[in-house]
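Visitor: Hi! I have a new structure open and would like to walk through it with you. Could we start with the loops?

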Amino acid sequence: MVPSDLKSLIQRFYHLQSERVETYRLFEEGHEAYLRTGPHYDFDHYKQLVHEITQAFNGISKEVLEIKEKLHHDFDRPDLSEHIEKLQSKEKEKLELTAKLQLARQCAQDHPEDEDCQEKIHEIKHKIIKNQEALSEIMQDFKYDSEECD
């Protein structure tokens, strides 16, 4: 349930971002556990994890988008709404990069002699760092612009 007052709405948004961070941590831990099952990977278990993580991210995104709409229409805060829109785009990119990194890590584990796999991991990690910097900047802008609501 999305809160109806502005301060609670902003607090709920921060809570959802914390949930997102925790979901990424669980996703990473699950992938590490999956890699430890190699070379005969337990794909069924990993597939179930991906399904659960996807559901969690979808639920978080759905509620974040509801908050975005409320900020824009109910509270006349298009500035905050715009930050959330940018954030959602960067979060989508982060999830795609995370999935690519997981595939690259499996490639590197399955083909330790293949330097392309290691290079791919390095490239993707660099993109993730850039993505996280952009996410931090958006969150800082959101925090700055929303402080007048306190």
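**A walk through the model**

Guide: Happy to. Asp 76 is found in the loop between H2 and H3. Keep in mind that this is a predicted model.

Visitor: What is phi for Asp 76?

Guide: Phi of Asp 76 is near 50°, which is a positive value in a residue other than glycine. Most residues other than glycine have a negative phi.

Visitor: And is Asp 76 buried or exposed?

Guide: Asp 76 counts as exposed, because its relative accessibility is 60% and the exposed class is anything over 50%.

Visitor: Which residues does the cis peptide bond join?

Guide: That bond joins Gly 38 and Pro 39, with omega at about 5°. Pro 39 sits in the loop between H1 and H2. As a rule, most peptide bonds are trans.

Visitor: Let's step back. How many helices and strands are there?

Guide: The protein has 4 helices and 0 strands. Read from the N terminus on, the elements go α-α-α-α.

Visitor: What box do the C-alpha atoms fill?

Guide: Roughly 55 × 30 × 20 Å, taken along the principal axes.

Visitor: What share of the residues is buried?

Guide: Of the 150 residues, 36% count as buried. The protein exposes about 9400 Å², and carbon and sulfur atoms supply 52% of that area.

Visitor: What about contacts across the sequence?

Guide: Take the contacts with a separation of 6 or more: residues 24 or more positions apart account for 73% of them.

Visitor: Remind me what sort of bond that is?

Guide: A disulfide is a covalent bond between the sulfur atoms of two cysteines.

Visitor: Are Cys 107 and Cys 117 buried or exposed?

Guide: Cys 107 counts as partly exposed, at 26% relative accessibility. Cys 117, at 4%, counts as buried. The cut-off for buried is under 20% relative accessible area, so Cys 117 falls in that class.

Visitor: Staying with H4, where does Asn 131 come in?

Guide: Asn 131 is found in helix H4. Asn 131 is buried, with a relative accessible area of 1%.

Visitor: Which residues is Asn 131 in contact with?

Guide: Leaving aside neighbours within four places in sequence, Asn 131 is in contact with Lys 90, Glu 93, Lys 94 and Leu 97.

Visitor: Tell me about Lys 90, then. Which helix is Lys 90 in?

Guide: Lys 90 lies in helix H3. Lys 90 is partly exposed, with a relative accessible area of 25%. Not counting residues up to four places away in sequence, Lys 90 touches Asn 131, Ala 134, Leu 135 and Ile 138.

Visitor: How far apart are Lys 90 and Ile 138?

Guide: They are 48 residues apart in sequence and 9.3 Å apart in space, C-alpha to C-alpha.

Visitor: And Ser 136? What's the story there?

Guide: Ser 136 is found in helix H4. At 45% relative accessibility, Ser 136 counts as partly exposed. Ser 136 and Lys 94 are 42 residues apart in sequence, while their C-alpha atoms are 12 Å apart in space.

Visitor: Change of topic: pockets. How much space lies in the largest pocket?

Guide: About 260 Å³. The largest pocket is lined by 14 residues, and Phe 57, Ser 61, Glu 91, Lys 92 and Leu 95 lie nearest its centre.

Visitor: Which helices supply the lining?

Guide: Helix H1 (6-35), helix H2 (43-74) and helix H3 (78-110) each supply at least two residues of the lining. H2 gives the most, with 6 residues.

Visitor: How do the lining residues divide into nonpolar, polar and charged?

Guide: They divide into 6 nonpolar, 5 polar and 3 charged.

Notes:
Residues numbered from 1 in each chain as written. Predicted model: local features only at pLDDT ≥ 70, side-chain atom pairs only at ≥ 80, totals over all residues. Heavy atoms only, no water. 1 Å grid on protein atoms, 1.4 Å probe; cavity = no way out; pocket = protein on both sides within 12 Å on 5 of 7 lines; lining within 4 Å. Points joined across faces, edges and corners; volume = space filled by probe spheres on them. Nonpolar A, V, L, I, M, F, W, Y, C, P; charged D, E, K, R; others polar. Buried < 20%, exposed > 50% of the residue type's maximum accessible area, 1.4 Å probe, protein only. Contact = heavy atoms within 4.5 Å. Areas by Shrake-Rupley, 256 points an atom, 1.4 Å probe, with all protein chains shown as cover.
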